[in-house]
Amino acid sequence: MSVALNVNGTRYIVGASPETPLLWVLRDELGLTGTKFGCGVASCGACTVHVDGQAVRSCQVPVGDVWGGVTTIEAEGDARLSALQAAWTEHQVAQCGYCQSGQILQAADLLAGNPAPSDDEIDTAMGGNLCRCGTYSVIRAAIHDAAGRLREGGAG
Amino acid sequence: MSRLGTITRRTLLVGAVAVAGGAAFGIYQLRKPVVNPLRPEDGATLNPYLIIDQQGITIIAPRAEMGQGVHTTLAALVAEELDADWEQLRVLHGPPAAAYYNAALAHGALPVPDYAMKDWQRSVTAGIGAATKLLGLQVTGGSTSTVDAFERMRLAGASAREALKAVAAERLGVEAGVLRTEAGRVIAPDGREIDYRDLAEAAASVSVPQAELRHPNDWKLLGRSLPRTDMRAKVTGQAQYSTDIVLPGMKFATVRICPYLGGGMAGFDASPALAVPGVEQVLDLGDGIAVVASNTWAAMQGAEAAVIDWTPSPLPATPDAMVAQIARAFEEKPNSTMRDQGRPDEQSAGIEVEYRVPFLAHSTMEPMGATAHLQDGHLTLWVGNQAPREHVKVAADAAGIEAENVTLHTPFLGGGFGRRVETDITRQAARIAALMPGVPIRLTWSREEDMRHDFYRPAAIARMRGAVEDGRATLLDAKIAAPSVTRAAIGRLTGRNLGGPDKGHVEGAFDQPYAIPHYRVAGHLADLDVPIGFWRAVGNSFNGFFHDCFIDELAHAAGADPLQFRLDHVAPESPVAAGVLEAVRDLSGWGAPVPDGTGRGVAMVWSFGTPTAVVIDLTRDGAGPIRIARAFMACDPGLVLDPAIVRAQMESGLIYGLSAAMSGEITFTDGRADQGNFPDYDALRMFNAPRVEVAIVQDNPHMGGVGEPGTPPAMAALANALFALTGMRVRSLPLSRHAEFLI
Ligand code: FES
Ligand code: FES
């Protein structure tokens, strides 16, 4: 049995069984290793991707249940992701970097629904994303910055 | 002294060799040069510090990049002297090689507090530094990388620049002295210029001039916050970690090893694992199994399904029995008394208390993993590690081949904190690859496997006696009991049994810059065989907490302001340490009345050559949970090469320490860790992490580390702030067992 999947605009037919979590299909079958494994129990956010524009923990979503297009950190041409990546670079956010794909995808989800989030709103939205290197303050600053860029650019 | 002089006199020589279309520059130290790890036949891929070829400039930064920014700072050392264009550089980790030994590791080897070290003592450690080369330790750890590279890598850049100028001078028919260099080009006074790439090949055959290093006032890159060389890759998902290597025909593996530490495996039934769709093989690893499948998830499902008959752990069965075993060490003679001033036994103690800290896991964001491929008797490994040469040896042993048949790549590390010095993952990956020759293997541990098979920060107990008189501390008498990390970890790393006084065991307590007349710190080594290892700040992580919290107790007993009390006792011993206390006082506005519902605590710990002071503000709304609202930090690592990286490391160390002090705890039942994943062993998250401000002072005449010194004072400052807020002196961690924090 095979499953059809659209990832970053490309269509794939995958061979993994439908109950396989999307995370492992992305990493092991499609070679999209920018999405990371941290816990497998929805408690770290390292595996965050978008399904149909909404942030999900890909370690928890069986590939057979994926209900829309998947966006990962490797996506190109996504204005929101690009603005976040530029802000992340500007603020020199990443230390080890392992959590940052998930952080960026989670932040993109926040900005999609809230173009000008407050500190508290950012803290709440990002609470499920651990960073063992402790980069939280620069993540927060970078999200504000990206939000500003997107508002000015009229994108979003 | 004269013999000392010859040993410690630096004999750094720069040499060059030809590589395809260019030159590679490296350093040789000591009278007997180390074997050049560069293999010219490998073209532009291998080299000591710097390769210039037709592709451009590549700097080899032979330390693991685990988030601490070391690739950026090491590259800047070379680029500063070379006049390379920062945006155009490539940085590689480079191969395992004795030439990359970490000489600064030995700076901590003398039984003398860093703050009180005399110049002659520093020169003795330079001699011991040469000994670490003999051990061949290419270790990323101990907050030493920059200190170690500071001179060597600048020299490599300077000498290469002069060699390129020598070639250009000949081609342009001018004296080398009139040439200048900029952005990867040599420029003549008349404006003619030659790109380094076009000079490199010829530069390989000129004898490399020994160049003078530039004065810091002339630096263009060093001393500034540079764009990190790894940033773009890390925000686009392109940065590769151990399990991101994609090889054709790759299989996916995980392991399940006996969780009852020290126990083993009597037998197993693989059939339930093999029944999981996608599972292809179950391998016997002796103390557990490896499951190989068509994807990692199938392998993990299979590993869980296998029925395994474990044999029991020899460890004490309960957490309490473990603490009792550690406490037993107090009954034996101390292993060390590295501070012993006055007559502590003759003083009566006004305060006599016991402190305790638990075992801790590293819990790096990236669980342990590796990629391995054994093909035609040659093993290629990709594993994030902090000691590549040791990993090569272990891999060779596990695969049953010679070390020269192992190629080790060090990709990015998804956090290290000391965990990736350990070679267990490499042994497993090599073993699995050897059992499946020709098949590339990606081995990924589950989080549970990672948390239950750590080399933990040990639990420790301190028994403290102290007294104050007329506002001054007169007695501080500390006895510290814990299993020895130094012996466990260095023993595993080098295969040698270390005897003698164990400095690491008491660091953070015996070496603090306080003037106290009766002052003693004794270390007792506990006989408890839980696997323990280097954990961010190592001994300082518990001793800093014990020592500084006890200083806080003495301050309150003396009726003194805790910060001023510290300052009064520190200033006579170390103006540098006093400087960070003053800086944190000014930064935090210490002394102004704090609002109701706010508790403010301070701590200062000198570790890894860098005194670091922290002020923590806790707030609480009525009966609500306690919030770690703000943190102020001041550190003095001496000369700072990249202020943004220093600030980031300080904040990172702080959050790591606060996370552990607030809620971190590993306990063992029947020798198995009770905690397996983040829900049982969490860390600060964005909503409960403090707002942080960092002040950097640069009065320290010696360069110190920055990766670890933020962690110890964070823990103590948190407990001291809890006392300020609640009046409750909590002497055992984690604090969340005693007070309700926002989680
Ligand atoms: S791996 Fe999915 S949330 Fe941690
Ligand atoms: S940058 Fe290392 S875990 Fe976030």
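1. Contact between the chains. In this predicted model, 50 residues of chain A and 58 residues of chain B make up the contact. The two chains bury about 4300 Å² between them, and carbon and sulfur atoms account for 57% of that area.

2. Polar terms across the chain interface. Five salt bridges are found between chain A and chain B, along with 25 residue pairs in polar contact, both residues at pLDDT 80 or more. On the chain A side, at least two residues each come from helix 1 (22-29), helix 2 (79-90), helix 3 (100-113), helix 4 (119-125) and helix 5 (136-153). Helix 5 of chain A gives the largest share, four residues. By class, this side of chain A has 23 nonpolar, 18 polar and nine charged residues.

3. A salt bridge between chains. Asp123(A) pairs with Arg691(B) at 3.9 Å, N to O. The cut-off for a salt bridge is 4 Å. Through shared partners, Asp119(A), Asp123(A), Arg140(A) and Arg691(B) are joined into one salt-bridge network.

4. Domains of chain B. The assignment gives domain 1 (27-235), domain 2 (249-312 + 368-444) and domain 3 (319-360 + 455-737).

5. A salt bridge within chain A. The whole structure holds 42 salt bridges over all chains. One of them joins Glu90(A) and Arg149(A) at 3.7 Å, N to O. Glu90(A) is in helix 2 and Arg149(A) in helix 5 of chain A, so the pair ties together parts 59 residues apart in sequence. Glu90(A) is exposed at 56% relative accessible area, whereas Arg149(A) is partly exposed at 31%.

6. Salt bridges within chain B. Arg520(B) and Asp345(B) meet at 2.7 Å, N to O. Arg520(B) lies in strand 22 (residues 518-525) and Asp345(B) in the loop between strand 14 (336-341) and strand 15 (351-357), 175 residues apart. Arg520(B) is buried, at 14% relative accessible area, but Asp345(B) is exposed at 62%. Arg465(B) and Asp477(B) also form a salt bridge, with their closest N and O atoms 2.7 Å apart. This pair connects strand 20 (residues 460-469) with strand 21 (residues 472-482) of chain B, 12 residues apart. Both Arg465(B) and Asp477(B) are buried.

Conventions
Residues numbered from 1 in each chain as written. Chains lettered and ligands numbered in written order. Predicted model: local features only at pLDDT ≥ 70, side-chain atom pairs only at ≥ 80, totals over all residues. Heavy atoms only, no water. Contact = heavy atoms within 4.5 Å. Buried area = accessible area lost by both parts, 1.4 Å probe. Salt bridge = Lys/Arg side-chain N within 4 Å of Asp/Glu carboxyl O. Polar contact = N/O pair within 3.5 Å; in protein donor to acceptor, adjacent residues only side chain to side chain. Nonpolar A, V, L, I, M, F, W, Y, C, P; charged D, E, K, R; others polar. Domains from an automatic or database assignment. Buried < 20%, exposed > 50% of the residue type's maximum accessible area, 1.4 Å probe, protein only.
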